[in-house]
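Open the model in your viewer and keep the selection tool at hand. The tour goes stop by stop.

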Amino acid sequence: MPSSEDERIRKGLKFLTKADSATIRATVILQRLEGVPHPQGTTTLLKRYSFHIGQKVYKGVMIKEQHDYLQGYTANPKQFADAIARILLIMNNKILTTLTDLSGALGVPKIGKAPVVAAKILAGTTPGCCVFDTDQQQAGVTQSFCEGGLVGTWTQGPCGKKPPTQE
């Protein structure tokens, strides 16, 4: 059964907060390693915002730029849920790219056979196909982002034929 727009919004906002917090915490750790004296953390960067969509009010904790973007898509629940999904899809792609890049930082000079560090770091982050909102699908999404943030159904491998739209 497809999820309601209300569920997509509530779970999407909750997952966005979780993903933002984890990303900021990881960034702070790496900034400290680089000697940045006082990196901005979650208490500085994340704020609570409210959105009025129809007769409902939704609250979420996010960075200001995400709030400003979402504020432009408050005309109806579907538009708002889709805007949250776009943020999460971009975030999913950036996190996968970052994890791949970070795995390269653990490399050593090649002497004979190179170690397989990337596989260890990327374990559990296999991208697949996410079908969400009954008529949308996206390849290259991790299971966590698909099921937790987009409230979709995840399958390993590439996306196949686009699901039929319900009218």
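**Stop 1: helix H3**

Select Lys64 and Asp68: they sit four residues apart in helix H3 (residues 64–71), so about one helical turn separates them. Helices here are DSSP runs of H or I with at least four residues, numbered from the N terminus. The two side chains form a salt bridge, with the closest N and O atoms 2.7 Å apart. That term means a side-chain nitrogen of Lys or Arg within 4 Å of a carboxyl oxygen of Asp or Glu.

Before moving on, note that this is a predicted model, where local features need pLDDT of at least 70, side-chain atom pairs count only at pLDDT 80 or more, and totals for chains, interfaces and linings use all residues. Residues are numbered from 1 along each chain as its sequence is written, and side-chain values use heavy atoms, leaving out hydrogens and water.

Now show the surface. Lys64 is partly exposed at 46% relative accessibility. Asp68 is partly exposed too, at 37%. Buried means under 20% relative accessible area, exposed means over 50%, and partly exposed lies in between (1.4 Å probe, protein chains only).

**Stop 2: helix H1**

Select Glu7 and Lys11. They form a salt bridge, with the closest N and O atoms 3.0 Å apart. The pair is four residues apart in helix H1, about one helical turn. Glu7 is partly exposed at 22%, and Lys11 is partly exposed at 37%.

Next, select Arg8 and Glu5. Is Arg8 buried or exposed? Arg8 is buried, with a relative accessible area of 3%. Glu5 is partly exposed at 21%. Their salt bridge has its closest N and O atoms 2.8 Å apart. Three residues apart in H1, they are separated by about one helical turn.

The salt-bridge count for the model comes to nine.

**Stop 3: H1 against H4**

Select H1 (residues 5–33) and H4. Their axes (lines fitted to C-alpha atoms over the stretch in contact) come within 10 Å and cross at roughly 30°. Angles run from 0 to 180 degrees between N-to-C directions. The two helices are therefore roughly parallel (under 35 degrees).

**Last stop: Leu102**

Select Leu102 in helix H4 (residues 77–105). Leu102 is partly exposed, with a relative accessible area of 35%.

Methods. Parallel < 35°, antiparallel > 145°, perpendicular 65-115°, else oblique.
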